[in-house]
Amino acid sequence: MELDEALRGRRSIRNYKGEAVPMDMVQQVLEAGTLAPSAHNGQQWRFSVLTGKAKKRVTDVFRTDLSALSKKGGSIGSGFESCRIMEQAPVVIIVWNAGRAGFETHIHSVAAAIENMLLKAYALGLGTLWIGDVFDASEGLIQYFGKHWELTAAIALGWPAENPNPRPRKSVSEVAEFLD
Ligand SMILES: Cc1cc2nc3c(=O)[nH]c(=O)nc-3n(C[C@H](O)[C@H](O)[C@H](O)COP(=O)(O)O)c2cc1C
C-alpha cells in the first residue's frame with residue numbers, strides 16, 4: 001500500500017467483527033512498531049498481546065476499576081465505551097514504556113511505535129483503535145501485570161465492522177508557521 005493511502009485512509013475503528021486475527025499478522029504489526037525511531041535508539045516500547053481468556057481477564061480488571069471509580073464519583077469519560085471496544089476486538093495490545101523515569105522523550109518513542117502499528121494494521125486490512133482511556137483506571141491494570149514499566153496505551157486490533165467517515169483535520173496553515 002502507498003504511504004499516502006495509508007495516512008489518509010486509516011481511521012479509528014470502534015466496532016469489530018468476531019473473526020480472529022492470524023498471529024502472523026499480529027507479528028507483522030508488532031514488527032512495524034519495532035521499526036519506529038526512538039530516543040537514543042532505546043526502543044523503549046514493550047507489548048503485551050492479549051487474546052482469548054487473557055484478554056477477558058484484563059478487560060474484567062479494567063471494567064471493575066472503572067465501576068469502582070465511577071462509584072466514587074470519579075470522571076470516567078469514554079472509559080466504559082473503550083472497555084466495550086477492548087472486549088469486542090479479538091486482539092488487544094497493551095503498550096508499555098520501559099524507558100527511564102523522567103526522560104520525557106522515551107514516551108515519544110513509544111507513541112511513534114504505536115503509529116507505525118496502526119498504519120501497518122491498516123495496510124493489512126485490519127482496524128485499530130489507540131486507547132488512552134486505560135489511564136482512567138490504570139492502577140488495577142498495572143497491579144495485574146506486575147510490570148515495572150509505564151502503562152502507555154492499549155491498541156484494539158481486529159477486522160473492522162464499520163467504515164467511519166474521516167474526522168476533520170486542521171489545515172497545514174492553521175497549525176504551521178514558516179519562518180525564514
Ligand atoms: C493518544 C491517543 C489516545 C486516544 N485514546 C482514545 C480512547 O481512549 N478512546 C477512543 O475511542 N479513541 C481514542 N483515541 C482515538 C482518537 O479519538 C482519534 O484518533 C481521533 O478522533 C481522530 O480520528 P481518526 O483516528 O479516525 O483519524 C486516541 C488517540 C490518541 C492519539
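Helices (H or I, at least four residues) and strands (E, at least two) are DSSP runs, numbered from the N terminus. The structure is a predicted model, in which local features need pLDDT of at least 70 and side-chain atom pairs count only at pLDDT 80 or more, whereas totals for chains, interfaces and linings use all residues. Residues are numbered from 1 along each chain as its sequence is written.

The shell around the ligand draws its largest share, three residues, from β3. The residues around the ligand are R11, S12, R14, S78, S82, L129, W130, I131, G132, D133 and R167 (C-beta atom, placed from the backbone, within 6 Å of the molecule). By class, three are nonpolar, four polar and four charged (Ala, Val, Leu, Ile, Met, Phe, Trp, Tyr, Cys and Pro count as nonpolar, Asp, Glu, Lys and Arg as charged, and the others, Gly among them, as polar).

Strand β3 belongs to an open, antiparallel sheet of four strands in the order β1-β2-β4-β3 (two strands pair if DSSP finds at least two bridges between them). The edge strands, β1 (45-50) and β3 (127-131), each pair on one side only. Six antiparallel bridges join β1 to β2 (residues 91-97); V92 of β2 is the bridge partner of L50.

Helix α3 (residues 52-71) packs against helix α6 (residues 138-145) at an angle of about 145°, with the axes 8 Å apart (axes are lines fitted to C-alpha atoms, for helices over the stretch in contact, and angles run from 0 to 180 degrees between N-to-C directions). The contact involves V58, V61, F62, T64 and D65 of α3 and E139, G140, L141 and Y144 of α6 (C-beta atoms, placed from the backbone, within 7 Å). Five of these residues are nonpolar, two polar and two charged.

How values were computed. Two residues are in contact if their C-beta atoms, placed from the backbone, lie within 7 Å.
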